[in-house]
Amino acid sequence: MLPCARVDGSLRPCPGVLEKLRTQLTRLDRRADEPARARLTLRQAIASAEHDE
């Protein structure tokens, strides 16, 4: 990506760079979703256990 960098720190659309950035964003989004799903599962388990008390 360095050859695509401008002096002001922005990026110009070099071939393949936008696709790599989008791929990385998708990976980060997936990783961010994992804790949310885990929290939901835990909340459901707690609610179920409380209901059975």
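This is a short tour of one protein chain, from the whole down to single residues. The model is predicted.

**Stop 1: the whole chain**

Show the chain as a cartoon. Now turn the model along its principal axes. The C-alpha trace spans about 65 × 20 × 10 Å.

**Stop 2: the surface**

The chain exposes about 4900 Å². Carbon and sulfur atoms supply 57% of that area. How many of the residues count as buried? The share is 6% of the 53 residues.

**Stop 3: the charges**

**Stop 4: a nonpolar patch**

Select Leu 11, Leu 18 and Leu 21. Together they make a nonpolar surface patch of about 220 Å². Stay with Leu 18. This residue sits in helix 1, which covers residues 17-52. Is Leu 18 buried or partly exposed? Its relative accessibility is 41%, so Leu 18 counts as partly exposed. The cut-offs are under 20% for buried and over 50% for exposed.

**Stop 5: along the helix**

Move on to Ala 45. Helix 1 holds this residue too. Ala 45 has a relative accessible area of 44%, so it is partly exposed. Ala 45 and Glu 34 are eleven residues apart along the chain. Their C-alpha atoms are separated by 17 Å.

Notes: Residues are numbered from 1 along each chain as its sequence is written. This is a predicted model: local features need pLDDT of at least 70, side-chain atom pairs count only at pLDDT 80 or more; totals for chains, interfaces and linings use all residues. Side-chain values use heavy atoms; hydrogens and water are left out. Buried means under 20% relative accessible area, exposed over 50%, partly exposed in between (1.4 Å probe, protein chains only). Accessible areas come from the Shrake-Rupley method with a 1.4 Å probe; for residues, only the protein chains shown count as cover. Patches are made of residues with over 30% relative accessible area and no salt bridge: like charges are joined within 9 Å, nonpolar side chains (Val, Leu, Ile, Met, Phe, Trp, Tyr) within 5 Å. A salt bridge is a side-chain nitrogen of Lys or Arg within 4 Å of a carboxyl oxygen of Asp or Glu. Helices (H or I, at least four residues) and strands (E, at least two) are DSSP runs, numbered from the N terminus.
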